[in-house]
Amino acid sequence: MKDLAESGEIDPPDIIVYNSVLDCWAKSSATDAVEKAKAFLEKMVADGVSPDEYSYNTVIYAMVRAGNIASAEAMLDTMSAAGVPPDCTTYNTLLAAWNKSGRAS
């Protein structure tokens with residue numbers, strides 16, 4: 001895809017394309033899905049596409065789904081440091097994880 005975009009045959013991938021791939025990794029049952037989602041988020045930034053709330057929320061969801069709440073909390077910090085404010089989806093995803101783990105009580 002990158003080669004086609006560089007040759008001018010197609011438009012370069014935009015945030016919608018990146019978020020779609022992130023969503024696929026977040027919902028994947030692959031054992032390395034979280035690592036792939038995180039790496040793809042980093043690739044997104046390296047390729048000059050700024051992640052939005054959906055991007056970060058999708059990776060946080062993947063981490064929570066895999067039971068890695070500490071990584072999800074760290075991603076919340078990364079999100080904030082990038083200047084992307086957490087939204088209600090971010091907090092609801094983390095609250096649900098904390099509740100399920102017993103940390104919310």
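## Legends to the close-up views

View A. Helices are DSSP runs of H or I with at least four residues, as strands are runs of E with at least two, numbered from the N terminus. The model is predicted, so that local features need pLDDT of at least 70 and side-chain atom pairs count only at pLDDT 80 or more, while totals for chains, interfaces and linings use all residues. Residues are numbered from 1 along each chain as its sequence is written, and side-chain values use heavy atoms, with hydrogens and water left out.

**View B. Helix 4 and its packing partners.** The end C-alpha atoms of helix 4 are 18 Å apart, which agrees with the 18 Å that its 13 residues should span at 1.5 Å a residue; the expected span is 1.5 Å times one less than the number of residues. The buried residues of helix 4 include Tyr56, Val59, Ile60 and Met63 (buried, under 20% relative accessible area; exposed, over 50%; partly exposed, in between; 1.4 Å probe, protein chains only). Helix 2, helix 3, helix 5 and helix 6 are what the buried residues of helix 4 pack against (contact, heavy atoms within 4.5 Å). At the start of helix 4, a side-chain oxygen of Asp52 comes to within 3.1 Å of the backbone nitrogen of Tyr54.

**View C. Asp23 of helix 2.** The side chain of Asp23 forms a polar contact with that of Lys27 at 3.1 Å, and a polar contact of 3.2 Å joins the side chains of Asp23 and Tyr54. A polar contact is a pair of N or O atoms within 3.5 Å; within protein, one must be able to donate a hydrogen and the other to accept it, and residues adjacent in sequence count only if both atoms are side-chain atoms. Beyond its neighbours within four places in sequence, Asp23 is in contact with Tyr54 and Thr58.

View D. Thr90, Thr93, Leu94 and Ala97 are the buried residues of helix 6. They cover an arc of only 90 degrees around the axis, which puts them on the same side of helix 6 (arc, that of the directions from the helix axis to the C-beta atoms). Cys88 and Asn99 are exposed on the other side of helix 6. Helix 4 (53-65) and helix 5 (69-81) are among the elements covering the buried residues of helix 6. Just after helix 6, Gly102 adopts a positive phi of about 90 degrees.
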